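Here are my notes on the model, point by point. Please keep the structure open while you read.

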Amino acid sequence: MIRSLRAVAALTLAALLLGACQSGVSRRSAPASTGALPVVDLQRRLEVFTTAEGVPGAVVGVWSPEGEWIHPAGVADIESGATMKPDDIFPIRSVTKSMTVTMIQQLVEEHELSLDDPISMYVKGVPNGDEITLRQLAGMTSGLADYSQSPEFGKALTKDPDAPRTVRELLSFALDELPNFAPGARFEYSNTNTLLLGLVVERVTGDSYGDALEKRIFEPAGMTHTSYPADGEVPDPHPVGYQLDDEGEPQPVTVNLTALGPAGGVVSTVSDLGRYAKALFDGTLISRGSLKERMAHGRQPGPHDPEYDAYGLGLGELAGWWGHTGEGLGFEALVMHDLKTDRTVVILMNLTGTRNHVPTELFRNYAFILR
């Protein structure tokens, strides 16, 4: 039986914002390719990983000096059998975090703020607010509790999953709790950090978070199919998101992006995310010096944190590539770039709750064959 969001919400709270094919799915989509990319191997590995984990569908993009390859696989909707399309719009979950921190660094370059400013300069009522810096928020070392892990947030989401949420409301589930550790003491991934940085962007620019994204990220990068929906709904065309239930069966979930805010509320396409990676790493959005600072002194995540080899300032490292991943409530995303070879990989999937981080494991295979 297909369950409602209320039935599956409690199953997915722990993975709400972590930045985490059925055998009958059609494989008839022909890969588009140019240059000398190993497209046969890329497609074969995509099929192996998605089939093994029961992922309904995916869209993958690879860009390199040898050419590009964009490939939709599987279905966007199990019930109707509608196939995945290259221009389908996905919630990109915690990949949003990298955009939020990019705007913070733009403001640093404009001398509007400093990464060493305490959050209390911009947002009142934050525990240890006079000690927690913007740098620590961006690097996940603030010690603040994660609102998405709050039992009270879980109850509210289960009771009314479709209710619109404000960033201030989301923060209320975390800021009343004691910090988990002293600022800077260690790394712990917390969505609360990026919500606060989103408020800093609004305070300093005078724009809403969505308008700031449009001016500072989407327009400069040429991302014409990317948005931060104010109503919390994913624009068409978009795939259905699925979450595995206790029996391992995919159940559809309804998306409420307002429960994610600046930590995970952006939606995009595979091609737009390829443009984002290019603009982020070629100096269009931030300087090479700022980018270097973001990747320096990456902290090693713990066993309960996302699957990065290291995490810097709003960017994670996997196999020597840098970018961000995201997962929760039906969708997974990955955007990674290799500065040495100027290659980018984007992976979007419409299933969460699997045994493994499928995009990450698939990406590690891609990084090996693209090295």
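1. Start with Glu233. This residue sits in the loop between helix H8 (209–221) and strand S5 (241–244). The model is a predicted one. Glu233 has 53% relative accessibility, so it counts as exposed, the cut-off being over 50%. Glu233 belongs to a patch of negative charge on the surface, together with Asp160, Asp162 and Asp231.

2. Asp236 and Pro237 are joined by a cis peptide bond, with omega at about -5°. Pro237, too, lies between H8 and S5.

3. Now the overall build. The protein chain contains 11 helices and 13 strands. Its radius of gyration is 19 Å, close to the 21 Å that the globule rule gives for 371 residues, so the chain is as compact as a globular protein of that length. Along the principal axes, the C-alpha atoms fill a box of roughly 55 × 45 × 35 Å. Of the 371 residues, 60% are buried. The chain exposes about 14,400 Å², and carbon and sulfur atoms supply 51% of that area.

4. Charge across the chain. There are 30 positive and 48 negative side chains. The centres of the two sets lie 4 Å apart. Side chains of opposite charge can pair when their charged atoms come close. The salt bridge count comes to 14. Three of these pairs are taken up below.

5. Which residue does Arg45 meet in a salt bridge? The partner is Asp41, at 2.9 Å from N to O. Arg45 and Asp41 are four residues apart in helix H2 (residues 39–53), so about one helical turn separates them. Arg45 is buried, with a relative accessible area of 15%. Asp41 counts as partly exposed at 21% relative accessibility.

6. Helix H2 also supplies Glu53. The side chain of Glu53 forms a salt bridge with that of Arg355 (3.7 Å, N to O). This pair links distant parts of the chain, 302 residues apart: Glu53 is in helix H2, while Arg355 is in the loop between strand S13 (351–352) and helix H11 (358–369). Buried or exposed? Glu53 counts as buried at 12% relative accessibility, whereas Arg355 is exposed, with a relative accessible area of 69%.

7. Arg216 and Glu110 form a salt bridge, with their closest N and O atoms 3.0 Å apart. Arg216 is in helix H8, and Glu110 is in the loop between helix H3 (95–109) and helix H4 (134–138), 106 residues away. Arg216 is buried, with a relative accessible area of 18%. Glu110 is partly exposed, at 39%. Elsewhere, salt bridges that share partners join Asp41, Arg44 and Arg45 into one network.

8. Check the backbone at two loop residues. Ala319 has phi near 55°, a positive value in a residue other than glycine. Ala319 lies between strand S9 (316–318) and strand S10 (321–328) and is partly exposed, with 40% relative accessibility. Asp342 also has phi near 55°. The loop of Asp342 runs between strand S11 (331–338) and strand S12 (343–349). Asp342 is partly exposed as well, at 48% relative accessibility.

9. Last, Gly283. Its loop lies between helix H9 (270–281) and helix H10 (288–295). Gly283 is partly exposed at 33% relative accessibility. How far is the C-alpha atom of Gly283 from that of His297? They are separated by 20 Å, with the two residues 14 apart along the chain.

Notes:
Residues are numbered from 1 along each chain as its sequence is written. This is a predicted model: local features need pLDDT of at least 70, side-chain atom pairs count only at pLDDT 80 or more; totals for chains, interfaces and linings use all residues. Side-chain values use heavy atoms; hydrogens and water are left out. Patches are made of residues with over 30% relative accessible area and no salt bridge: like charges are joined within 9 Å, nonpolar side chains (Val, Leu, Ile, Met, Phe, Trp, Tyr) within 5 Å. Accessible areas come from the Shrake-Rupley method with a 1.4 Å probe; for residues, only the protein chains shown count as cover. A salt bridge is a side-chain nitrogen of Lys or Arg within 4 Å of a carboxyl oxygen of Asp or Glu. Lys and Arg count as positive and Asp and Glu as negative; His and the chain ends are not counted. The place of a charge is taken as NZ of Lys, CZ of Arg, CG of Asp or CD of Glu. Buried means under 20% relative accessible area, exposed over 50%, partly exposed in between (1.4 Å probe, protein chains only). The radius of gyration is taken over C-alpha atoms; the globule rule is 2.2 Å times the number of residues to the power 0.38.
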